[in-house]
Amino acid sequence: MIQVSEVSLEYDTPHGKVLAVDKASFSAAESEFVCLVGPSGCGKTTLLNMIAGFFAPTAGEIRVAGRAVSGQGLDRGIVFQDFAQLFPWRTALGNVAFGLEMKGMAKAEREKIALEQLRLVKLEKFAGAHPHHLSGGMQQRVAIARALAYNPGVLLMDEPFAALDALTREEMQRLLAEVWRATRKTIVYVTHNVAEAVYLADRVVVMTPHPGRVRAILKVGLPRPRDPLSVEFLEQQKSLIAHLTRQEEET
Amino acid sequence: MKSVLSVGIFLALYEAVARSGWFAPALVPQLSIVFSTLWTSLSDGTMGRHALNTLFRVFSGLALAAATGLVLGFLMARYRAAERFFLPLVSALMPIPSLAWAPVFILWFGLGNTATILVVFYAATFPMVINTWTGARAVNPLWLRAAGAMGANGGAMFWKVVVPGASPFIITGLRLAFQRAWIAVVGAEMLAASAFGLGWVIFDAKEFLNADVMLASLAVIGAIGFVFERLVFGSLERATVLRWGMVRSVKA
């Protein structure tokens, strides 16, 4: 579904060229959940933004569903970390319906679909609420529904739950796992939270900073739904942390 | 309630000065006289006609200013060339008091509505330009990214994201523009209006030492300005940016 091949990004700063991403390669199969994990500065968000088409790599190629990515497209939905991503002047329903509106779908039809999407994230009761009346977790759920509404094959998520409190975050992770099982989207999910990656991912792409490189790709073979307190879960977590710390010693 | 109290105290102080005998009663008339003049002019329709003339001028000028300000402001925010061209012009023209143009406009267009409306237009345009320009640049880039990812471009991006995103600034711009327009129209009418208009009434009353007429007109000017500021722009704000949580109301 997604092929990232030898992708590099170099940009100019007043202090010279900086290599943000260096020959990163990974892939995501249809309906696969892939997490990009690494410390700040490892280029994971930059890589996600390039898959989203916000800017182009300076070298290498990104393909989604066989087609080379150039610019933004309706085949990819995106959810950011910042709650402010929602349009404050639109209700939850109006936000979710935005993409369908851009497609030119009639009002009644797009609102019907938008309501279904809100039901998927358990927010159908808040369809008429403006974002500032919703909690952070609810706003992120609206953002997920909005990114899914126009039915893209791929969902790109940039630390969507990082700004939430720990309890809400766990609840959101469970909900996302459900949504993913129900919709069978291909998801690329950026996080620096190891437990989150082990809970959600089929495979974890471990990245190292300065320059951003793919260090390892690990398979999480645990059955779902996963129990974060099980011995197997903690072992997976330990091995992922080992990969992350080992690279720190080397740099 | 508190605003009624502060107005009441102010009026009582005025009445005390008027009754003190320090000034000629023709120059500082008692409130009863001002109110009866106000009542007469309101009931026989003359004050209403003056006010309508003034309102027509102010809203013609304001409408022109809003249209110009919105177009220029958005162009300047979107295109570097427009910004480079218009910003120095705005900076150079903005500090000139709009009333200073009144004699020039009178020379070009004669006494009457055209010159008055142009003065109003001049006064109201700059807050609209500056606020629209700033508002469009202050639109959260995340909204643009999210909208772009959902297929918005060109017209849809402008009307459905940039305009509502800039609306707190635009509404404030309208408010400032109305204030400046309302101040400018009274001055412009004194100089450029040939008959009718609240400013013209005051200026005309000076010739006949009619202090009561002047004060009655001032009260009407203040009242109309207050109503528009509080009711019209206040409710516009409550219906939009306040309801959307894009600006906050202060809790008591």
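How many residue pairs are in polar contact between chain B and chain A? In this predicted model, the count is seven residue pairs, with both partners at pLDDT 80 or more. On the side of chain B that touches chain A, the elements giving two or more residues are α7 (141-149) and α8 (154-165) of chain B, and the largest share, seven residues, comes from α7(B). Sorted by class, that side has 13 nonpolar, five polar and three charged residues.

Turning to the extent of the interface, 21 residues of chain B are in contact with 25 residues of chain A, and the area buried between the two chains is about 2000 Å², with carbon and sulfur atoms giving 69% of that area. Within chain B, the residues that lose the most area to chain A are L142(B), R145(B) and M150(B), which together account for 35% of what that side buries.

Between the chains the count is one salt bridge, in which the side chains of E101(A) and K160(B) meet at 2.7 Å, N to O. E101(A) also forms a salt bridge with R110(A), where the closest N and O atoms are 3.8 Å apart, and a network of salt bridges links R90(A), E101(A), R110(A) and K160(B). E101(A) counts as buried because its relative accessibility, 16%, is under 20%.

Finally, within chain B, R175(B) forms salt bridges with E229(B), at 2.9 Å, and with E237(B), at 3.0 Å. Since R175(B) lies in helix α9 of chain B and E237(B) in helix α11 of chain B, the latter pair ties together parts that are 62 residues apart in sequence, and both R175(B) and E237(B) are buried.

Conventions
Residues are numbered from 1 along each chain as its sequence is written. Chains are lettered from A and ligands numbered from 1 in the order in which they are written. This is a predicted model: local features need pLDDT of at least 70, side-chain atom pairs count only at pLDDT 80 or more; totals for chains, interfaces and linings use all residues. Side-chain values use heavy atoms; hydrogens and water are left out. Contact means heavy atoms within 4.5 Å. Buried area is the accessible area (1.4 Å probe) that two parts lose on being put together, summed over both. A salt bridge is a side-chain nitrogen of Lys or Arg within 4 Å of a carboxyl oxygen of Asp or Glu. A polar contact is a pair of N or O atoms within 3.5 Å; within protein, one must be able to donate a hydrogen and the other to accept it, and residues adjacent in sequence count only if both atoms are side-chain atoms. Helices (H or I, at least four residues) and strands (E, at least two) are DSSP runs, numbered from the N terminus. Ala, Val, Leu, Ile, Met, Phe, Trp, Tyr, Cys and Pro count as nonpolar, Asp, Glu, Lys and Arg as charged, and the others, Gly among them, as polar. Buried means under 20% relative accessible area, exposed over 50%, partly exposed in between (1.4 Å probe, protein chains only).
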